[in-house]
Amino acid sequence: MSSPDSLYRQYRQYPLHSPHPLAAPKADTGHTRSAIVTPTSGHTWHRNPFPLSPVVRLGPMSDLGDARVRAADSGNAHIDTPLIEDVESLVDDYFAPPAAGGRRGRAIALVGEFGLGKSHALRRSYQTIRARHPETATWIVDEPAQDMGRLYRDRLRGPGDTEQGKRAFEELVRDYYAYVTAGWVGGEDDDPRRGTLREIATGLRDRVLDPDKVVSALRYDPEVIHADLRGTLGEVTEHRRFSSALALLLEPPFNRMVWNWLNGAEPAEPLRERGITEAIGPSEGRPDNAAGIDRVFDALTVQGFLHGRVGRPYVLLLDSLEKVLDWPDDSRRAFIDAFERLINIYTSHGGLLVFCSSPDGLRALRQSVHERVVQLWPTGLDPDRTGELVARYLASGDEADDDSGEGAPASTGPFDDEALRLLHELTEGVPREVLKTCREAWQLSEDRDGVVSRVPGATVLRAVRALHERVSYQRVLGDVHDALDLGQWRIASRDPVPSRLARSAGGREEVLYWLSPAPNAYIAVIYARSLLLADDVERIVTQVNGLRGAVRPGRFEALLVVNGLVSHAMQDRLGRSIGSRPLVYRQGRFPQSVHEALLQLERRLVEEGREEDLAELGERMRRNLEQQTAHLDEMRRNLAAMTLEAARPAAVPAVTGGRAAPEPEPPEELPGAVWRRFRDALAMLESVTRRAAAGSAELRVLGCATLVRALTEEFRGAVAAWARGASPGVPTEVQLSDLRRICREYENAVEVLPVHLLGGAEHPNPLTPARTVEVLAEEVWGTLSAPAVS
């Protein structure tokens, strides 16, 4: 009778559309994953070769590549990438013959965002190690779990999972026993049997002598194992439990009990009597996450350390380290601390640790640990590798190929050149996104019989929209509304532009809300679907520029909320064109993200408003300065004459009855203190003007002094007018607001002028002219607002 393999080979000789004596009637199973049809069938393809969920897990045997499963969601195709090449190079270097000092440990971190192929590279590392070094002890953690005891019992794969692995570990314990006994025997320099003992030590190291018989004959204490563990693994807790278990493992009555305990079970009573009182992980029904995490890592540390102690390689593969970031604080800290200890043990004692993490997960580790870890950061595929990935998956459905798909023809099948170009640009070469898009595009290209003959670029665009626009318009609008409630944002009382401008020409974009965070300032929250092509970006830019032109320039910002996909390149382009990067919708913290983005735009509007006000003030001052400059020549002549008059001896003050003439009274509306401050400031500025006109000062010094004097006189007039209209006694809040505005305008005017050119103070005035005018507004405000404050 023919074997199933021979029957399959006979069946493969016929095209898939041809009848065959061995072929059963075709049944519609509803399954959407199969092989491409060979070219002899007319270049059409049946059933989708791309995975439904392109996520690699280090859990099921099929995901690890131990068996070919055609329906495995992680797929059966493989292409070489720089990441995989780098990992395999580091793994090969680890397994190279060790130097005289022993094998060098290594920790490798595969760091990147989701979908870039980190787990695939980790799985590939496992496959490489299994193929080239099958005897190596390897532990596999598919992802961390808060209940590490359950993970240790049910999901962690290690040498103890198989009878072969158990025998290898028992042999390892014998070697370790021999190693530490040899060290103990060889170190007894004061023993009269020194020569014989050294020969025994050599025999133990060469595995010629039985360590049990040596220990029994020489009556050495088995505590040497415990002492070695304690002395070498100082940071690992509860050494005695493991030393006792290792000693009992080699005794037949206790072998099964110890293995059950090492695999996570509660200790049997004979083990409890010998000090092994608790399971490695927390007991069922009494979870203690922090304690369970420490105990599991202790077990991994001790078991791995034994291999390194006798010079054997050992490997731990861990995926999805970033999962711990979502744990409660105590569990997260316990895991990170234990994991860092494990990294130190592996790097110090000849182990190989490879783990995957997001950038946030790596940042959770201490900086000192970063220095001990080799970091590999994957990137998206280039256009050629994107096409190769598509070709490999098309070929991987053909069961005649090998597990990796290598050797398959590099044909991209029904995907035309435009489809491949768009596929790479829109997914940015992220493998997971490439495969998801291919699957969706394939389904959209099937005819009524499920046959695919061509996948054009337009279908790839449809597939991207179908994949990334799954959330309804109402859901996005609701989250934006929640963001406005979160920040109590003020919605404009009326739209500042006609309604026809609020929607784009194609109707795919619209203004959801007009916000007015400041007077005459607006933020438009604009909704958009996926922006995939240059035309999409140009349409958005045209709409935003139209809105900006309809609103007062410098008083408008736009927040673009995209329900769909925008590549990073297009996000950058939009950021340059409309002034802010778009915000892509993501479920979860999206209201908070909108609120934070609006806060940034509000700050920008406030700064732009301040700059605009200063620019207007500067322009007004420039015009005033030009007017003043037109009269400077005449002023020089007049001031020169005034200088000659000032040079004459001062006239004797007129006296009345032997007394000096009284100082003129201040205007009724201004308090005496305010009037005197203005009088002193103007007198000082007049003195500066005279000095500048009489000397050889630059024209800008004279112009500055003249302009500041004019501004100060204008400020005095505005304050006097305010005082005439102010309520007697205590000013009202509105009146104080007007006074504050008047003072701020004078301060802003002085700030933009080069008042430092006015020179030093004249004796005995303690203030320079610059400082006098800089503090004048503050002094006026402090005096006139004092009644309201008190």
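A salt bridge is here a side-chain nitrogen of Lys or Arg within 4 Å of a carboxyl oxygen of Asp or Glu. The legends below describe a predicted model in which local features need pLDDT of at least 70 and side-chain atom pairs count only at pLDDT 80 or more, while totals for chains, interfaces and linings use all residues. Residues are numbered from 1 along each chain as its sequence is written, and side-chain values use heavy atoms, with hydrogens and water left out.

**Figure 1. Salt-bridge network around Asp536.** Arg465, Glu469, Glu509, Arg529, Asp536 and Arg539 are joined by salt bridges into a network. Helices (H or I, at least four residues) and strands (E, at least two) are DSSP runs, numbered from the N terminus. Asp536 also forms a salt bridge with Arg539, whose closest N and O atoms are 3.3 Å apart. Both residues of this second pair belong to helix H21 and are separated by three residues, about one turn of the helix. Asp536 is buried, with a relative accessible area of 7%, and Arg539 is likewise buried, at 18%. Buried denotes under 20% relative accessible area, exposed over 50%, and partly exposed the range in between (1.4 Å probe, protein chains only).

**Figure 2. Salt bridge between Glu273 and Arg274.** The side chains of Glu273 and Arg274 form a salt bridge with an N to O distance of 3.8 Å. Glu273 is exposed, its relative accessible area being 57%, whereas Arg274 is partly exposed at 40%. In the model, the count of salt bridges comes to 36.

**Figure 3. Lining of the largest pocket.** The largest pocket holds about 1,200 Å³ of space. Of the 36 residues that line the largest pocket, Phe114, Glu433, His468, His568 and Arg586 are the closest to its centre. Grid points are joined across faces, edges and corners, and the volume is the space filled by probe spheres set on the points. Elements that each supply at least two residues of the lining include helix H14 (359-363), helix H17 (417-427), helix H18 (431-445), strand S10 (556-566) and helix H22 (568-578). By class, the lining comprises 13 nonpolar, 13 polar and ten charged residues. In this classification, Ala, Val, Leu, Ile, Met, Phe, Trp, Tyr, Cys and Pro count as nonpolar, Asp, Glu, Lys and Arg as charged, and the others, Gly among them, as polar.

Figure 4. Most residues other than glycine have a negative phi. Ser320, although not a glycine, has a positive phi of about 60 degrees. Ser320 is placed in the loop between strand S4 (314-318) and helix H13 (329-348), and is buried with a relative accessible area of 12%. Asn520, also not a glycine, has a positive phi of about 60 degrees. Asn520 lies in the loop between strand S8 (510-518) and strand S9 (521-531).

**Figure 5. Surroundings of Leu248.** Leu248 is part of helix H9 (residues 239-249) and is buried, with a relative accessible area of 8%. Neighbours within four places in sequence aside, Leu248 is in contact with Phe254, Asn255, Val258, Leu271 and Arg274, contact meaning heavy atoms within 4.5 Å. Leu248 and Leu271 are 23 residues apart in sequence, and their C-alpha atoms are 8.9 Å apart in space.

**Figure 6. Surroundings of Ala502.** Ala502 occupies the loop between helix H20 (473-487) and strand S8. Ala502 is buried, with a relative accessible area of 13%. Apart from neighbours within four places in sequence, Ala502 is in contact with Glu509, Glu510, Val511 and Gln543. Ala502 and Trp514 are twelve residues apart in sequence, with a C-alpha to C-alpha distance of 9.8 Å.

Key: On a 1 Å grid over the protein atoms alone, a cavity is a set of points where a 1.4 Å probe fits but cannot get out, and a pocket is an open set with protein on both sides within 12 Å along at least five of seven lines; lining residues have an atom within 4 Å of a point.
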